[in-house]
Amino acid sequence: MFSRYRDALLWFAFALLAAAGFWWAGRRHEPPATPGRAVISWYVIITPLRDLYMAEVAAFEKLNPEIEVQIFWVPGSEYNVKLKTLAAAHQLPDLFFSGDVWVSYLRPFSRDLTPLVQRDAAEFGLDDFFPEIRRAMQLDGKDYILPEYVNLSLLYYNRRMFAAAGLPEPTADWTWDDLVRAGQALTHEGQDGAPPVWGSSRVEGWWGEWLIYVRQAGGKAFSPDGHRCLLDSREAITGLRFYLEKSSKHHISAPAGFEPLNGFVNQRVAMIVGGHINYWVNYNQTLGLDWDVQLLPTGPASRSGGELAIAGYSISQESRHPEEAWALAKFLTRPEAIAAVVARGNLSVRRSVAETVMGAPGPHANPRHLAAAYRQFAFGEPIPHHPNYIEIMLTVVQPEIDRMLLGELTPEEAGRRAAAAVNAFLATFDPAKP
Amino acid sequence: MNHRRAETFWFWLFAGPAVVGFAAFSLWPMLESLWLSFCSYEVIAPPRFIGLQNYAYLFAHDLSFWPSVKVTLVFTVIQLPLAIGAALALALLLNQPVRGRGFWRAVYFLPSILPQAVFAVVFGYIFQADGGLLNRLLALGGIHGAAWTTSPTWALPVLIVISLWGFGYPMVIFLGGLQNVPRELYEAAHIDGAGAWARFRHITLPLISPVIFFNVVMGLIGSLKVFDLAYAFSVAQAQPTPGGPARATLFYGLNLYQQAFGYFHMGLASAMAWLLFAFILVVTFINFRVSRRWVHYGD
C-alpha cells in the first residue's frame, strides 16, 4: 500500500522542502515592532557625526515614546545605488538622506512636503532658513527636502603659507588675476629633493572647480529648460580655458595627474577654489594647518557661480508613517540639532545658528572669516535639477575636460565635443524632454 | 517502483537542486536580460519595448561604448600573450629539478591567492605620480617619472602590468601539462643530438598544446570580462567615475556595471551583456576551429 504512494509522497516532501527553503531565505529579518509603537526606518550615510545622530535618535525616542527609529547606516559610495534599488523595489525607508543633486531622480518616490512645511512653518521656524537655502529646498515650487547641510564653493587658503611668502591674505574683492598673482608667488620647486608646492590646487575628475569658472565667465552648463548643453558657448570656453591655463600658462597648479594627494591638508597647496564644507572637520583635526576662507575671486562676468548644494531629509512616498518621519526630520533640523552639526565644523542652514556661531565661534579657531562664508550664500548657484545630472557631468562631459587638461583637446574642442555628446545623450535618455 | 523509475527519481532528487538553481538563477535571468535588451528599463518604471534602439544607441551614439571596446581589446591583445608567456616560462623553470622546488612553486603561486583588488590598491601606491614609490626611485636617478595612474597614456599599461601577477593558475596548469610529457622522448631526442630549443619546440610545445589551448581560451574569456581589477584601481585612485582618466581604463565589464548599477540603464546594460556574450561565443568558436591546426591530442 505504502509503496504505491511512495513516489507521490517523496515528490511532495521534496516540493515541501524546497518551499520551506525559499520561505526561510525570503523571510523578513526585522524584529517585530513593540505593540503600540510606530517603527520608522531611516537611511543615513556613514559619517564622522555618527555618535551625534545616535544621541539625537535616543533623545527623539525619549521625547516620543510612541515612535521607534531604526537606523540603517550605508557607506557613502554605495548610498545612491542602494537608495535607487530600494526605490525600484518599493522598499524605500520612511526617512532618507537626500540632496538637491538627487532630488530630481528621487522625486517620484519622495513625498511632497509642501503641505507639512506650510502647516508647521511657525513651529519649526521656516523663516529661520536662509532664503538661498529655502530656494534650494524647492523643486518646481514644492518642498521635497528638509535641509540639514549646505555645501558652498569658497576660496580656501593656508594662512601660514601666505605669511611665509609675505603676501597679504585674500580679500573679498579678489579677481581671477589676484588669484593668479598670489598663486605664482606661492608656487615654488621643492628644495633638497622635496616635492613642489603649488599656489592653487586644481580639482580634477568632477565639476567642482571648472563649473565655477564657466559660470563666472558668463557661461552655463545647461539651458534654463535643461534640454540643451551650453558648454560650447564663448563664455563657457573662457571659463574652461582659465581652468586649463592655471597649470599650462600661469603655472600655479600641478600639471594634469600630478595634483598632490590631500595637498591642502599636507600643506603642499596654498589655495583651493571651490572645495567642500565636509572637509572642515579634517582641516580642523590637522595639526599645524592654519586655514581660512574668503569669497570666491570674481570672474570676468560675475562673482556668482560657486556651488550651493543642500542635503537633508526626504520622506518616502510610500511611507506608512509619514507624520512620524516628519516629526523626526523636524527634530533633526531644529536649531539645536543644526548647532550641534555646525559645532563639528559645518556651515549652518539656519540664520539664528549662523548668527550665534559668528558671535561666538566655538571650539574651532578656523575659519576666521565665517562672515565671508555666509556672504558667499548670495553668490552660490544651485545644481541644475536634472535627473541625470551626475551621470551627464561625470561620464559624458568629464572625459572631454580630462582630455583638455592633458593637452589632447583645446578648450574650444572640449566644449564643443562635450556639448554635442550631452545633446545626443539628452535626445536618448532625457525623460523630461517633451 | 520499477528500477528505471527509481533511477529517474533518484536522478532528479540529486540533480534537481542544481537544475532548479540553474534555471532560477542563471537561465531565467539570462532570458530576462535578453528581453530587457530590447526595452527601455530604468528600473524605477516598468520596461518599455523599444526594439533595437539600445543596440543602435550603443553603436552610433554612446560615447563610452567604443572606447570601452577598444580598451578591452587592447588589454586582451597585449596582456594575454604576456600572461601566457610568463606563466609558461615560470612553469618551465619550476619544472627543473632544483633544490626546494616545492617551496619555489608555492612562492610563485602565492600572489594568485590574493584578490586582484589587493594588487590594484598596492600597485596604485607604487605607481602614484606624486610621491609614489616608482617615481621616487626614478627621481633618485634624476628621472622625472610619468603620471602613471592618472595619464591616459600610461594607466592601461600599468593595469596590464598589475594583472600579470595573476599568473599562478595558468602556471600550475602548465606545470601539470609539463609533468605529463614522457621523459623518454627527451632522452631519445637528446641522444639524436637535439638541443634544448629543439626539444622545447618539437616535443614540449606540441605535447602541452592542449594545455596551452585551455589557458588561452580561459585567459581570453577572462580578459574580455575584466572588472574587479579595473574597478578596484578606480577606487584606489579615488576617481569620481570608474574608468578614468578620460576613459583610458574603461573596460567593457566596468562600463556595463556602470550602466547597470551606477545609472540604472538596465536595458542598455543588458544589450551590452548580450553583445559581449555573442562576441565571446564567436571568438571561442573561432579559437576551437583554429586549434585544430596546432593543438595535438596525441590520437
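**Chat about a patch and a salt-bridge network**

Biologist: Is Leu114(B) buried, partly exposed or exposed, and what's its relative accessible area?
Modeller: Leu114(B) has a relative accessible area of 42%, so it counts as partly exposed, since that class lies between 20% and 50%. Bear in mind that this is a predicted model.

Biologist: Where is Leu114(B) placed?
Modeller: In chain B, Leu114(B) is in the loop between helix H4 (101–109) and H5.

Biologist: Switching topic: how many salt bridges over all chains?
Modeller: The count is 25.

Biologist: OK, which side chain does Glu323(A) meet in a salt bridge?
Modeller: That's Arg119(A), at 2.8 Å, N to O. Those two sit 204 residues apart, with Glu323(A) in helix H13 (residues 322–332) and Arg119(A) in helix H5 (residues 114–119) of chain A. Arg119(A) also has a salt bridge to Asp120(A), at 3.0 Å.

Biologist: And Asp120(A), buried or exposed?
Modeller: Buried, with a relative accessible area of 7%. Arg119(A) is partly exposed at 48%.

Biologist: What does Glu123(A) form a salt bridge with?
Modeller: Lys330(A), with the closest N and O atoms 3.3 Å apart. Glu123(A) is in helix H6 (residues 121–124) and Lys330(A) in helix H13 of chain A, 207 residues apart. Glu123(A) is exposed at 57% relative accessibility, whereas Lys330(A) is buried at 12%.

Biologist: Which residues do shared partners join into one network?
Modeller: Arg119(A), Asp120(A), Glu123(A), Glu323(A) and Lys330(A).

Terms used: Residues are numbered from 1 along each chain as its sequence is written. Chains are lettered from A and ligands numbered from 1 in the order in which they are written. This is a predicted model: local features need pLDDT of at least 70, side-chain atom pairs count only at pLDDT 80 or more; totals for chains, interfaces and linings use all residues. Side-chain values use heavy atoms; hydrogens and water are left out. Helices (H or I, at least four residues) and strands (E, at least two) are DSSP runs, numbered from the N terminus. Buried means under 20% relative accessible area, exposed over 50%, partly exposed in between (1.4 Å probe, protein chains only). A salt bridge is a side-chain nitrogen of Lys or Arg within 4 Å of a carboxyl oxygen of Asp or Glu.
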